[in-house]
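Please find below my notes on the model under review. They are set out as numbered points and begin with a question.

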Amino acid sequence: AGAVYYEIQGSAPNREFIIQWDGVPHYGTTDYIWMQAILYEGSNEILFQYLDPSTEAGSGGTVRV
């Protein structure tokens, strides 16, 4: 159940490495989540974006570290 994809966008020195999880089962429920982690070259920043359509965990969000 679910799938994981990745790709690199842009050109050096401003590339983005994107990892995406689609329809991954949410632990302990029958709900699924969709999530992305984007790593930015040269800045040491990571952006997490997620969608959780279950009523348990909320509807989604974005986190930048």
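Which residue takes a positive phi in the hairpin of β3 and β4?

1. The residue is Gly42, with a positive phi near 85 degrees, in a hairpin that has four residues between the strands. Strands here are DSSP runs of E of at least two residues, numbered from the N terminus. β3 and β4 run antiparallel and are joined by seven bridges; two strands pair if DSSP finds at least two bridges between them. Met35 has Tyr50 in β4 as its bridge partner.

2. On provenance, this is a predicted model, in which local features need pLDDT of at least 70, side-chain atom pairs count only at pLDDT 80 or more, and totals for chains, interfaces and linings use all residues. Residues are numbered from 1 along each chain as its sequence is written, and side-chain values use heavy atoms, with hydrogens and water left out.

3. β2 and β3 also form a hairpin, with six residues between them, and Gly28 in the turn has a positive phi of about 80 degrees. The two strands run antiparallel, with eight bridges joining them. Ile18 stands opposite Ile38 in β3.

4. Val24 belongs to strand β2. Its relative accessible area of 23% makes Val24 partly exposed, a class lying between buried (under 20%) and exposed (over 50%), with a 1.4 Å probe and protein chains only. Leaving aside residues up to four places away in sequence, Val24 touches Gly2, Ala3, Asp31, Tyr32 and Ile33, where contact means heavy atoms within 4.5 Å. The C-alpha atoms of Val24 and Met35 are separated by 8.7 Å, and the two residues are eleven apart along the chain.

5. The structure holds one salt bridge, defined as a side-chain nitrogen of Lys or Arg within 4 Å of a carboxyl oxygen of Asp or Glu. Arg15 forms this bridge with Glu41, and the closest N and O atoms are 2.6 Å apart. The pair links distant parts of the chain, 26 residues apart: Arg15 lies in the loop between β1 (3–9) and β2, and Glu41 in the loop between β3 (32–40) and β4 (45–51). Arg15 is partly exposed, at 35% relative accessible area, and Glu41 is partly exposed at 31%.

6. Tyr6, Ile8, Phe17 and Leu39 make a nonpolar surface patch of about 420 Å². Patch residues have over 30% relative accessible area and no salt bridge; like charges are joined within 9 Å, and nonpolar side chains (Val, Leu, Ile, Met, Phe, Trp, Tyr) within 5 Å. Accessible areas come from the Shrake-Rupley method with a 1.4 Å probe, and for residues only the protein chains shown count as cover. Phe17, in strand β2 (residues 16–25), is partly exposed, with a relative accessible area of 31%.
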